[in-house]
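This is a walk through one protein structure, taken a region at a time. Keep the sequence and the 3D view at hand while reading.

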Amino acid sequence: MSNNLIEQAQQFLKQENFPAAGKIFRKLWEEENNSYAASRYLSCLRKAGYPGAAIRQGKKAKEQFPDNNYIKNELIWAYYDKHIKNFSEAAHIDKLIEPAINILSHQPDKLPKELTVMAVVKLAKQKDEWQIVSEWCDKLEPQTIDNTTINGKGKSKQEQWFFAKVKSLIELKLWQEARSWALKAAKFYPREIHFYRWAALALKGDGEVEKAINELENIILKPRIEWYILQDLANCYSCLNQLDKAIIFSCRAALASGEYKAKVTLYMNIAQLSLDTGNIEIAVRNIELSKAIREQEGWKIKQDLQQLDSQIYQELEKSQKTVELESKNINYLLKLCQKDWKKQAYFNLPQESGMINYLPQDKSHGFVITDDGKRIFFLQKDLPPYLRKEKLKVDFNLEKNWDRKQQKISFKAVNFSACF
């Protein structure tokens, strides 16, 4: 009789008719003290959307069958579904930690443990609770965490764990620990640039600024570099009071790909560096750009920005110079500032002239032939649209670059302009 009922219940499960299957499993549990039926009943309650009922019934089943792992696991999943799975990001972190601790006390299997711990880590990150992030990361061993991705895209749970752990240690200023974990992470994910960046920033935080500069300068040899790593370099040179180099890398960061809204503090930094080095006109244009972005976005004009703005205009008055600004429009200010950035970013690089030699439409790179016959690589994104024509004569600068094919440091062409 029970075999027939179980077979009938299994058919309902295939149809995803969990209430009907649940009724049969509950009957078998109660009438025959069937532990398998009890575990299946708990599963049906969960999948039908009643995790609270699954918890209540799961507690009874656990008392009746204390050594049954299936019942224990179903109770753990019920706790997860009710208290963790759809937890509100607006809620206080402590309200997530309490049920998470309860789940861990039941010694869950690998998957529910990972999901529970990473849920706490995710919410703590969003709330900048970095001590909690670090402590909860320690509840998992990174080498055992799932490292698969969906269709090869996104970050695996393991990579997310490394990001959270290293970032938390950076935020907590535990520099030596942060560097150690960043270097471990880089061994697992050698193509992820953030781990190398954090390893370098940990050196800077620990007072090893020159070593940090060396590592960051190796990172920026890669073909695709993020603007904020250039800003990191600028900050390192500022720490050493090497303001000329700080300006160069700040301006390169400003010219690199990235949303201008994300660079609002960078523009303020360029204004400060320009003020410190006596370039008052450049300081004015950059501070106005920073203010214009904040005003457009409805962001507060912070006190440090107000103070810098006041200092710049006091110095401008003392210098008896004038800065002509036709408008406070962001696009207008960006164009003015971009001219300044280009002059400052590339002035110390070697200059060459040559001809666009190779410009394939299906590639991201191209080549230019110098006047003395050298073939130089460039990225097409660095070539202005009006110059994208083969056999066109151009001027450009040479910047260090890592040649992946030759596996050595080479040069690439940047800062193109028409050759007259």
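Q158 is buried, with a relative accessibility of 4%. In this predicted model, Q158 belongs to helix α9, which covers residues 157-171. Leaving aside residues up to four places away in sequence, the contacts of Q158 are P142, Q143, I145, D146, N147, F188 and Y189.

The nonpolar interior comes next. In soluble globular proteins, nonpolar side chains tend to be buried together. Here the largest nonpolar core has 66 residues. Within this core, the members that touch the most others are F25, V120, V121, W136, W161, F195 and W198. W136 can be followed in detail: with residues up to four places away in sequence not counted, W136 is in contact with I97, A100, I101, L104, V117, V120 and V121. Another core, of 41 residues, lies apart from the largest one. A254, L289, Y346 and V414 are among the members of that other core.

A disulfide is a covalent bond between the sulfur atoms of two cysteines. How many disulfides does a search of the whole structure find? The count is 0. A disulfide would need the two sulfur atoms to be within 2.5 Å. C251 is buried at 0% relative accessible area, and C337 is also buried at 0%.

Charged side chains are the next topic. Side chains of opposite charge can pair when their charged atoms come close. Across the whole structure, a search finds 26 salt bridges. One of them joins R40 and E74, with an N to O distance of 3.4 Å. This pair links distant parts of the chain, since R40 sits in helix α3 (residues 35-47) and E74 in helix α5 (residues 69-83), 34 residues apart. Are the two partners buried or exposed? R40 counts as partly exposed, at 21% relative accessibility, while E74 is buried at 10%.

A salt bridge also forms between E288 and K328, with 3.4 Å from N to O. E288 is in helix α16 (residues 280-297) and K328 is in the loop between α17 (303-319) and α18 (330-346), so this pair ties together parts that are 40 residues apart in sequence. E288 is buried, at 4% relative accessibility.

A further salt bridge is made by D372 and K374, at 2.8 Å from N to O. D372 is exposed, with a relative accessible area of 53%, whereas K374 is partly exposed at 36%. Salt bridges can also share partners, and in this way R40, R46, E74 and D81 are joined into one network.

The last stop is a pair of strands. Strand β4 takes in residues 393-403 and strand β5 residues 408-418. In which sense do β4 and β5 pair? The pairing is antiparallel and runs over 9 bridges. One of the positions involved is D403, whose bridge partner in β5 is K408. β4 and β5 form a hairpin, with 4 residues between the strands. In the turn, Q407 has a positive phi of about 55°.

Note on methods: Residues numbered from 1 in each chain as written. Predicted model: local features only at pLDDT ≥ 70, side-chain atom pairs only at ≥ 80, totals over all residues. Heavy atoms only, no water. Pairing = 2+ DSSP bridges. Helix = DSSP H or I, 4+ residues; strand = E, 2+ residues; numbered from the N terminus. Salt bridge = Lys/Arg side-chain N within 4 Å of Asp/Glu carboxyl O. Buried < 20%, exposed > 50% of the residue type's maximum accessible area, 1.4 Å probe, protein only. Core = buried A, V, L, I, M, F, W, Y, C linked by side-chain atoms within 4.5 Å. Contact = heavy atoms within 4.5 Å.
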